[in-house]
Amino acid sequence: MGLGDAVDGRVFHVKLPGHDAMARRADENVVPTRVLLPRRVVDRPLRQVAKRLAMALTVLATTVFIVWADRGGYHDNADGKVDFLDAVYYATVTLSTTGYGDVVPQSDTARLVNVVLVTPLRVLFLIILVGTTLEVLTERTREDFRLNRWRSNLREHTVVVGFGTKGRSAIQTLCATGLKKEQIVIVDPAGKVIEAANAEGFVGVLGDATRSDVLLRAELQKARQIIIATQRDDTAVLVALTARQLNKGAKIVAAVREEENAPLLRQSGADAVITSASAAGRLLGLSVLSPSAGTVMEDLIQQGSGLDLVERPVIKAEVGKNVRETDDLVVSVLRGHRLLGYDDPAASPLQLTDRVITIVRASPLHTSPQGLPQNPHQRS
């Protein structure tokens with residue numbers, strides 16, 4: 001999809017931001033698609049292999065030194081003398097095999113040194129090589145097993161595209177309401193970003209989220225909700241189109257920089273679109289006109305502290321009551337696909353199938369598994 005694209009017969013032009021360094025770096029550096037689970041091993045496999053190689057070279061150098069120091073006790077069938085190259089040759093073939101018999105220990109001292117020192121070094125050398133191979137293969141098998149188990153157990157999860165400021169804030173809000181980290185999958189094209197996500201305990205998929213194979217690696221077809229927090233509006237549109245094609249029933253929430261791009265994103269399949277630039281501007285204006293009102297709005301945005309804005313089902317005790325008669329401060333009523341304001345005459349009386357959006361006081365007594373405040377009415 002280009003800058004001007006047709007959706008449902010209508011042509012929309014996506015307005016792009018002027019500067020986006022992160023997006024440019026992502027476009028310039030094409031990375032392979034991978035699923036990265038939170039790491040349990042401190043050292044990387046390559047570092048482990050490098051350590052084993054250094055140990056093997058140390059054993060080889062020690063053996064060469066031993067043979068060279070006692071070279072008078074060895075006999076070379078070729079010329080009868082053992083020089084430094086012969087010592088290196090003997091140490092190499094002795095550690096890796098049982099030797100070829102062309103250079104042999106001849107004196108009693110040399111044979112005793114072979115029994116006491118060279119033979120244990122040979123065993124240690126083989127342990128290092130075989131152990132390194134087995135450890136790498138075992139680690140790879142273990143990672144494949146973890147990945148397959150993760151895929152089979154993952155369902156009704158949340159996919160977050162983009163782990164920048166917006167994506168991180170969205171995840172913090174989700175975790176504050178009780179969503180476990182294991183139920184969140186992050187997709188981002190930057191390797192360092194995915195490493196940071198892994199360090200915080202999240203599963204990351206490294207790749208371009210506009211491609212369906214990348215989203216399939218995130219098991220998006222089984223996801224319950226999708227958050228699109230990319231740096232570019234045109235990227236958000238492409239991700240929304242691809243995500244909606246793969247998952248018809250998931251709830252898609254997306255953020256855009258420019259308000260004029262919001263209709264295109266809704267046409268692409270997003271259920272809700274947040275204009276980040278306009279929202280920030282309105283909050284700034286409100287704070288100038290009424291600093292206290294701005295503080296209240298900021299408090300509502302920050303989940304888990306002060307006042308929280310939550311959506312919950314109507315309980316049986318509230319059925320048939322007016323919205324003003326509930327214990328919580330109701331601001332809107334969701335009836336089917338209609339969102340009714342608290343002052344709308346159709347909002348009262350409340351029905352059992354309704355959902356209400358209320359303002360409640362965040363209670364530290366109700367905490368999520370992550371130790372963050374959780375509202376008892378919030379749906380997990």
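**Reading contacts, burial and salt bridges**

In this predicted model, the backbone nitrogen of Val 323 lies 3.1 Å from a polar atom of the Ser 348 side chain.

User: Where does Ser 348 lie, and which residues does Ser 348 touch?

Analyst: Ser 348 is in the loop between strand E14 (338–341) and strand E15 (355–361). Leaving aside residues up to four places away in sequence, Ser 348 touches Asn 322 and Val 323.

User: How many salt bridges does a search of the whole structure find?

Analyst: Side chains of opposite charge can pair when their charged atoms come close. Here the search finds 10 salt bridges. One of them joins the side chains of Arg 151 and Glu 219, at 2.8 Å from N to O. This pair links distant parts of the chain, 68 residues apart: Arg 151 is in helix H4, and Glu 219 is in the loop between helix H7 (212–217) and E9.

User: Is Glu 219 buried or exposed?

Analyst: Glu 219 has a relative accessible area of 8%, so it is buried, the cut-off being under 20%.

User: Which parts does the salt bridge between Glu 311 and Arg 355 tie together?

Analyst: The side chains of Glu 311 and Arg 355 meet at 2.7 Å, N to O. Glu 311 belongs to strand E12 (residues 307–313) and Arg 355 to strand E15, so the pair ties together parts 44 residues apart in sequence. Glu 311 is partly exposed, at 28% relative accessible area, whereas Arg 355, at 17%, counts as buried.

User: What about Arg 312 and Asp 328?

Analyst: Their side chains also form a salt bridge, 3.1 Å from N to O. Arg 312 is in strand E12 and Asp 328 in the loop between E12 and strand E13 (329–335), so this pair ties together parts 16 residues apart in sequence. Arg 312 counts as buried at 1% relative accessibility, and Asp 328 is buried at 17%. Elsewhere, salt bridges that share partners join Arg 151, Glu 219 and Lys 222 into one network.

User: How does the span of helix H5 agree with its number of residues?

Analyst: At 1.5 Å a residue, the 12 residues of H5 (residues 165–176) should span 16 Å; the end C-alpha atoms are 17 Å apart, which agrees. The buried residues in H5 are Gly 167, Ile 171, Leu 174, Cys 175 and Ala 176. Their cover includes strands E6 (158–161), E7 (184–188) and E9 (225–228). Just after H5, Gly 178 takes a positive phi of about 105 degrees.

User: Which residues form a nonpolar patch on the surface?

Analyst: Leu 112, Val 115, Val 116 and Leu 117 do, with about 370 Å² of accessible area together. Val 115 sits in helix H4 (residues 108–153) and is exposed, at 58% relative accessible area.

Methods. Residues are numbered from 1 along each chain as its sequence is written. This is a predicted model: local features need pLDDT of at least 70, side-chain atom pairs count only at pLDDT 80 or more; totals for chains, interfaces and linings use all residues. Side-chain values use heavy atoms; hydrogens and water are left out. Patches are made of residues with over 30% relative accessible area and no salt bridge: like charges are joined within 9 Å, nonpolar side chains (Val, Leu, Ile, Met, Phe, Trp, Tyr) within 5 Å. Accessible areas come from the Shrake-Rupley method with a 1.4 Å probe; for residues, only the protein chains shown count as cover. A salt bridge is a side-chain nitrogen of Lys or Arg within 4 Å of a carboxyl oxygen of Asp or Glu. Helices (H or I, at least four residues) and strands (E, at least two) are DSSP runs, numbered from the N terminus. Buried means under 20% relative accessible area, exposed over 50%, partly exposed in between (1.4 Å probe, protein chains only). The expected span of a helix is 1.5 Å times one less than its number of residues. Contact means heavy atoms within 4.5 Å. A polar contact is a pair of N or O atoms within 3.5 Å; within protein, one must be able to donate a hydrogen and the other to accept it, and residues adjacent in sequence count only if both atoms are side-chain atoms.
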